[in-house]
Amino acid sequence: MKLEVQEREARGSRETRRLRAQGIIPGVLYGNGHSRAIAVAERELRAVMTGPSGLHAILDVVVEGQKTVHPSILAEYQQDPIRGTISHIDLREVRLDQPIHAALAVQLVGESVGVKAGGMLSLVARELQVEALPGDVPEHIEVDIAHLEVGDVLRLADVPPIDKVSFLDDPYETVIATVSVPRGFAELEEAEAAEAAAAAEGEEGAPAAEAAEDASEPAEPESEG
């Protein structure tokens, strides 16, 4: 996707506030051992970020007035904490024949059988680290959870491999999702189990207590015939 940017010379907080007021997002383009300050229209930036490849799109960055194309990715962005709008971006040039690292969001697919039975689904790992060529980085990682039952733990090792993509996280230590018994039911089951154990102990202790009472009573003297 083509993204045309402007090279900016003026810097500082006052200049960045002026740009944002005009609907322009300040940023930096990194590549070839140097960096340059840039600015891009918020409308154009939103268009490429909401495209088919999302935040992991390969951008053909062209500086206004130049013909050179800089294949780049969105390395980082900052958002306004109140309005949620993008306030700054970092673009990084990449070589299309060299792999890059990326953090991809996890999307759960399907409805767990354990959830249908009353279990509670928890998403543990919201992002996964991957390595792939820039053109092979997917928008997100889809994980099927339809088979998960109550008590199951889904780890990265359970996720089918993705063509041309390597997972970087530990496959056995990385927990993606779990299905557990809801807290209220779990506490109720624990209470019932404790009551049953106490009742069983009471029944086992009753004969012993009776025997102890019998042993403590004095024996009656035998009558002479």
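A salt bridge is a side-chain nitrogen of Lys or Arg within 4 Å of a carboxyl oxygen of Asp or Glu. I used that rule throughout.

**Ground rules.** I am reading a predicted model, so I note that local features need pLDDT of at least 70, that side-chain atom pairs count only at pLDDT 80 or more, and that totals for chains, interfaces and linings use all residues. Residues are numbered from 1 along each chain as its sequence is written, and side-chain values use heavy atoms, with hydrogens and water left out.

**Entry 1: the whole chain.** I looked up the secondary structure and found 4 helices and 13 strands in the protein chain. Helices (H or I, at least four residues) and strands (E, at least two) are DSSP runs, numbered from the N terminus. Next I checked burial. Of the 225 residues in the protein chain, 30% are buried. Buried means under 20% relative accessible area, exposed means over 50%, and partly exposed lies in between (1.4 Å probe, protein chains only).

**Entry 2: salt bridges.** How many salt bridges does the rule give? I count 3.

- Arg-46 pairs with Glu-42, and their closest N and O atoms are 3.3 Å apart. Both residues sit in helix α2 (residues 42-49), 4 residues apart, about one turn of the helix. Arg-46 is partly exposed at 44% relative accessible area. Glu-42 is partly exposed too, at 24%.
- Arg-83 meets Asp-80 in a salt bridge at 3.6 Å, N to O. Arg-83 is exposed, with a relative accessible area of 65%.
- Arg-95 bridges to Asp-97, with the closest N and O atoms 2.8 Å apart.

**Entry 3: Arg-8.** I then turned to another arginine. Where does Arg-8 lie? I found Arg-8 in the loop between β1 (2-7) and α1 (13-21). Is Arg-8 buried or exposed? Arg-8 counts as buried, at 13% relative accessibility.

I listed what Arg-8 touches, leaving out residues up to four places away in sequence. Contact means heavy atoms within 4.5 Å. Among the partners are Leu-19, Pro-26, Ala-37 and His-88. Gly-27 and Ile-38 are also on the list.

I looked at those two again. The Arg-8 side chain reaches the backbone oxygen of Gly-27 at 3.1 Å. The Arg-8 side chain also reaches the backbone oxygen of Ile-38, at 2.6 Å. Arg-8 and Gly-27 are 19 residues apart along the chain, and their C-alpha atoms are separated by 9.3 Å.

Conventions: Polar contact = N/O pair within 3.5 Å; in protein donor to acceptor, adjacent residues only side chain to side chain.
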